[in-house]
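Hi everyone, thanks for making time.

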Amino acid sequence: MSHSPFGLFGRPAGDPGFTVAIEIGTDLYDLELHEQIRLLELTGRPGADFDQSATGCARVVYELPHTGWFAAGDDALRVLRAIETEFDVFGAEICRSDLWAEEPIFPTMPNEVGWTGVPSENVTVLTVELEAGARERPIDLAGALTNFRYLGPSHCTPAPEGRHHLVTHSRGSGFEVTGGMGAKALQVISNDWLINRVRVVDSQTYYLELEDRARYHPPRVPDWQFALGGENGRMVVVPDGSANLHGWTVASRQSDGQEHTAELTRDLVWIDEAGLVNLLGDGDRIEAWTATLPGNALLTSFATPQGTEFSVDRWDGMTNWLVETLVGNGSGLIVDLGPGGYVAPVDEDVDDDDLGLADVLDPDDEVINAQLHVLDDGVVMVRRSRTVLRRLRLGDHSVEGLELDVWHHDGHFDDCTDGYLFTTDLHLAASACTAWFRDHGGLDALDALGCDYSFPDALPATDREDA
């Protein structure tokens, strides 16, 4: 057999083999155990496993080492034929295994404006990805498929990394026929172009992927939040439970430098009207991606199943940590933020528990610090200053008459040089503090940041029952 990357039996450079994926018309998380077992039996391939397609459906996936594109496609069609006897099949794909490791979700490109070659219903769509850079180009790529019998109009569009997508369809025929017709047409193209992927899907799935492409390509740090996870941990939550994060992991680092890794799994949490997640039963219950971290750990990165790592912005981490701190805590909580190592001598007779940030910092120095003070009705007062902020001794925590979401610069508090804000938006309150430290010292200020909590005192309960 030829080891050239070109031609019918061509093997890509490095001989990575091909990965086969058969997509089932059932959500991955709705696939029952007996169905999984039966699918693996029908596949008949050692090492076969399941993952999730771009639209959330289950895919049975297996490897074919030391294989060319034509042999891999022939094997995939045989397995598809067996699975179709018992399950609804939405599509099938072969992909160079080294490329699959980086791009397990097919990077479908949107059609150019004005091209209407793929009808929206009752067709099977064939998409072929060709590697950039051919030995020569004696033929028009799209024309090679368009002129082939049984295939509809074809289209060539750019793909990631300078590659090319050929898109065509076979009206009224199934995956096996469309794939077979495409394979015959591709024999000519494969003499000059390296074939990365060949994929057949129903037209409905094809258009769904075009609509959802922005969500799945390219991979990135998803939108996430912290939620308290009990006494021994905190939970990182990605509220979009429909996102394709199957097999993703999160990494965190504890205050002592110890690192921790956890896999994201789908679970039920609550989300309030402001869009903040919680485990307190506040708001609507939703399905989300979650992972539990050690109690004092901060999130450092997300990683795909293939090991591609995406670092978490440390300022985003600080903002989400502050939001988590404020959720569920009632009136009277005070959070002081400032340089943690900047401590001035204090009276030894003073109890440490009575000290605020203002008591441990030298008031003659310019010190970038901030304070969050929780009032009634979910309102938080934000104070930012270049001078030491003292804790206010409020007569009560009422918010009657306060103007919300307006930054005040009128110097109402004599130790508040950058003004103050009243808001019910916890993310806004946390972001106001994050931005203050980020804009005055950057990561050096973040590394030196210290925090002090003060909770309101409660009077001892008395037994009012008659003796």
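Where pLDDT is low, the predicted coordinates should not be read in detail. The chain as a whole averages a pLDDT of 77, and 76% of the residues score at least 70.

Two housekeeping sentences, then. This is a predicted model, in which local features need pLDDT of at least 70 and side-chain atom pairs count only at pLDDT 80 or more, while totals for chains, interfaces and linings use all residues. Residues are numbered from 1 along each chain as its sequence is written, and side-chain values use heavy atoms, with hydrogens and water left out.

Now, how many salt bridges does the structure hold? There are 17, counting a side-chain nitrogen of Lys or Arg within 4 Å of a carboxyl oxygen of Asp or Glu.

Take Arg 45 and Asp 75, whose closest N and O atoms are 3.1 Å apart. Helices here are DSSP runs of H or I with at least four residues, strands are runs of E with at least two, and both are numbered from the N terminus. Asp 75 is buried at 9% relative accessibility, whereas Arg 45 is partly exposed at 24%. Buried means under 20% relative accessible area, exposed over 50%, and partly exposed in between, with a 1.4 Å probe and protein chains only.

Helix α2 also has a pair within itself: Arg 78 and Asp 74 lie 4 residues apart, about one turn of the helix. Their closest N and O atoms are 2.6 Å apart. Both Arg 78, at 40%, and Asp 74, at 38%, are partly exposed.

There is a network too, linking Glu 23, Glu 93, Arg 197 and Arg 199 by salt bridges.

Finally, helix α9 (residues 426–438): its 13 residues reach 18 Å from first C-alpha to last, close to the 18 Å expected, which is 1.5 Å times one less than the number of residues. Among its buried residues are Leu 426, Trp 436 and Phe 437.

Notes:
pLDDT = per-residue confidence, 0-100.
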